[in-house]
Amino acid sequence: MKELKNLNDVKDIKIDPERPLFSASHDEIMTGMTTDIYFIKTMEILRHMNISQKEVVAEIFPRKQGVMCGTEEVVNILKNKNVEVYAVPEGETFEPKDTVVRIKGPYEEFGIYETALLGVLAHSSAWATAARACREAAGERLCICFGARHVHPAVAPVMERAAIIGGADNASCILAAKFLGREPSGTIPHAAIIMAGDTVKIAKVYNEIMPPDSPRIILVDTFKDEAEETINVAEALGKDLQGVRLDTPGERGGVTPDLVYEVRKRLDLKGYNYVKIFVSGGLTPERIKVLTEAGADAFGVGSYISGASPIDMTLDLKMVDGKPIAKRGRIPGMIDNPKLQRVK
C-alpha cells in the first residue's frame with residue numbers, strides 16, 4: 001500500500017465488501033488511511049504552494065496529568081520518515097501542558113499522521129494512567145488487567161499492554177502479554193463450572209491437568225455461598241490451592257468487605273491461612289483500598305482501566321524555518337521538558 005498523497009488517492013480507496021472486521025490494519029494506519037481528511041487537503045494546498053517541505057518543529061502536549069504510553073507506536077509510525085523524534089519514555093508521568101513528544105523535520109514527512117499519533121497517545125496514556133491508580137491503591141498486592149472484554153478486540157492488546165506499562169502486574173489478553181515477553185494471567189471462567197455443574201469437580205481436574213506454572217486459583221461464587229464453597233475447595237485441594245477468586249455479581253451485592261473478611265476468617269480458622277483471596281468485578285482504586293483492608297490479596301481490574309477517558313492530546317507547530325511561531329493563545333517556540341529523550 002502506498003502512502004496517501006492527495007484526494008484522488010482517497011477516492012481510489014476500495015473496501016472489500018467481505019471484509020470481516022472494521023478495524024484498521026497496520027498497513028492502513030501506516031499509509032494514512034485513518035487520518036482526518038483535512039490533513040490530506042492540507043498537503044494538497046501546501047504542495048501546490050511549494051511549501052510542504054518547510055522545516056518545522058511540532059510539539060504534542062496533554063490537557064491533564066497522566067502516565068505516558070504509546071511512545072513506541074509513535075516511533076514506529078514515523079520509522080521511515082526523515083524526522084527527529086523526542087518523547088517522554090513510557091511509564092513516566094506528565095503534567096498538563098508538558099511537551100510529551102517533539103518532532104523535527106519537513107512537515108510533509110509527518111503531517112498526515114497527526115490524527116494517528118494523537119489517538120495512540122490519548123488512549124494508551126489514559127489506560128496506563130488508570131492502571132497506575134489501581135497499582136497505587138493495591139500497593140504490593142497483585143493487580144492484573146482483565147479489561148479485554150470491554151473493548152474492541154483490535155485494541156484489546158494495546159489497552160492491556162498500556163495497563164502493564166502503567167503498573168499492572170500482568171494481563172489476561174494473550175497478545176498483550178506476549179508483546180511484553182510475558183505469559184498471560186488467568187485461570188477459568190464461570191462457564192467451565194457451569195458446564196461441569198460443580199465447583200469442586202472443576203477444581204480437582206484443573207489441579208490435575210494444568211501445568212505447574214498455572215496458579216491454582218478457583219472461582220467460588222458460581223453455585224453456593226462463597227464462604228462455604230471456599231472451604232469445600234480448600235478441603236479438596238489442600239496445600240495445592242493457592243487462592244480463591246470472588247467475583248460475586250452486582251445482582252447479589254458484589255464483593256463486599258464483609259464477604260472478604262468472612263472468607264478470610266473462615267480460611268484461617270480451618271488452617272488454610274496460606275490461601276489467598278483474589279477479587280474481581282467492578283473494581284476501582286477506592287474499592288481496592290477498602291477490600292485490601294478487609295483482607296483481599298490480589299485484584300483483577302477490568303472496566304476501570306478499559307473505560308478510562310482518553311487524555312486529550314494536542315499537536316502544535318512551534319517553529320517554521322527556524323522561527324518561533326504559534327497560534328493565538330499558545331506560546332511561540334519550543335517548550336522544554338527535561339523528561340524528553342531522543343527516540344528517533
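## Close-up views of a predicted model

**View 1. Strand β9, covered on both faces.** In strand β9 (residues 243-246), G243 and R245 on one side and V244 and L246 on the other are all buried, leaving both faces covered. Everything here comes from a predicted model. Strand β8 (residues 217-219) runs parallel to β9, and three bridges join the two. To find your way around the pairing, look for I217, which sits opposite G243 in β9.

**View 2. The six-stranded open sheet.** Reading across, the strand order is β13-β12-β1-β5-β3-β14, with antiparallel pairing. The edges belong to β13 and β14 (341-342); each has a single partner strand, so one side of each goes without a neighbour in the sheet. Strand β3 (residues 84-87) pairs with β5 in the antiparallel sense over four bridges, and E84 faces K104 of β5 there. Helix α6 (residues 114-138) packs on this sheet and touches β1 (55-62), β5 and β12. The direction of α6 makes about 135 degrees with that of β12.

**View 3. Strand β12 and its two partners.** How much of β12 is buried? Six of its eight residues are, so the strand is largely enclosed by the rest of the structure. With β1, β12 forms an antiparallel pair over seven bridges; I60 has L315 in β12 as its bridge partner. With β13, β12 also runs antiparallel, this time joined by two bridges. M319 stands opposite P324 of β13.

View 4. Zoom in on the loop between β12 (313-320) and β13 (323-324), and you will find D321. Most residues other than glycine have a negative phi. D321 is partly exposed, at a relative accessible area of 44%.

**View 5. Another positive phi, at K97.** K97 is not a glycine either, yet its phi is positive, about 75 degrees. The place to look is the loop between β4 (93-94) and β5 (101-106).

**View 6. Helix α10 against helix α11.** Where α10 (residues 199-209) and α11 (residues 226-237) meet, their axes come within 10 Å and cross at roughly 35 degrees. The crossing is right-handed. From α10, the residues involved are T199, V200, A203, K204 and N207; from α11, they are E229, N232, V233, A236 and L237.

**View 7. Aromatic pairs.** How many aromatic pairs turn up in a search of the whole structure? There are four. One of them joins Y38 and F39 in a tilted arrangement, with 4.7 Å centre to centre and 50 degrees between the planes. F39 is buried, with a relative accessible area of 7%, whereas Y38 is partly exposed, at 48%. The pair of Y107 and F110 is edge-to-face instead, with 5.5 Å centre to centre and 70 degrees between the planes. Y107 and F110 are three residues apart in helix α5 (residues 107-110), so about one helical turn separates them. Both Y107 and F110 are buried.

**View 8. S52 and its surroundings.** S52 sits in the loop between α3 (37-48) and β1. This serine is buried, with a relative accessible area of 6%. Which residues does S52 touch, leaving aside its neighbours within four places in sequence? M43, L46, R47, P106, Y107 and E108 are in contact with S52. Y107 also takes part in the edge-to-face pair with F110.

**View 9. A126 inside helix α6.** A126 belongs to helix α6, and with a relative accessible area of 3% A126 is buried. Leaving aside its neighbours within four places in sequence, A126 makes contact with L121, A308, S309, P310 and I311. For a distance to check in your viewer, take the C-alpha atoms of A126 and A162: they are separated by 8.5 Å, while the residues lie 36 apart along the chain.

Technical notes. Residues numbered from 1 in each chain as written. Predicted model: local features only at pLDDT ≥ 70, side-chain atom pairs only at ≥ 80, totals over all residues. Heavy atoms only, no water. Axes fitted to C-alpha atoms, helices over the stretch in contact; angles between N-to-C directions. Left-handed = near helix turned anticlockwise from the far one by under 90°. Contact = heavy atoms within 4.5 Å. Phe/Tyr/Trp six-rings, centres within 6.5 Å; stacked < 30°, edge-to-face > 60°. Buried < 20%, exposed > 50% of the residue type's maximum accessible area, 1.4 Å probe, protein only. Pairing = 2+ DSSP bridges.
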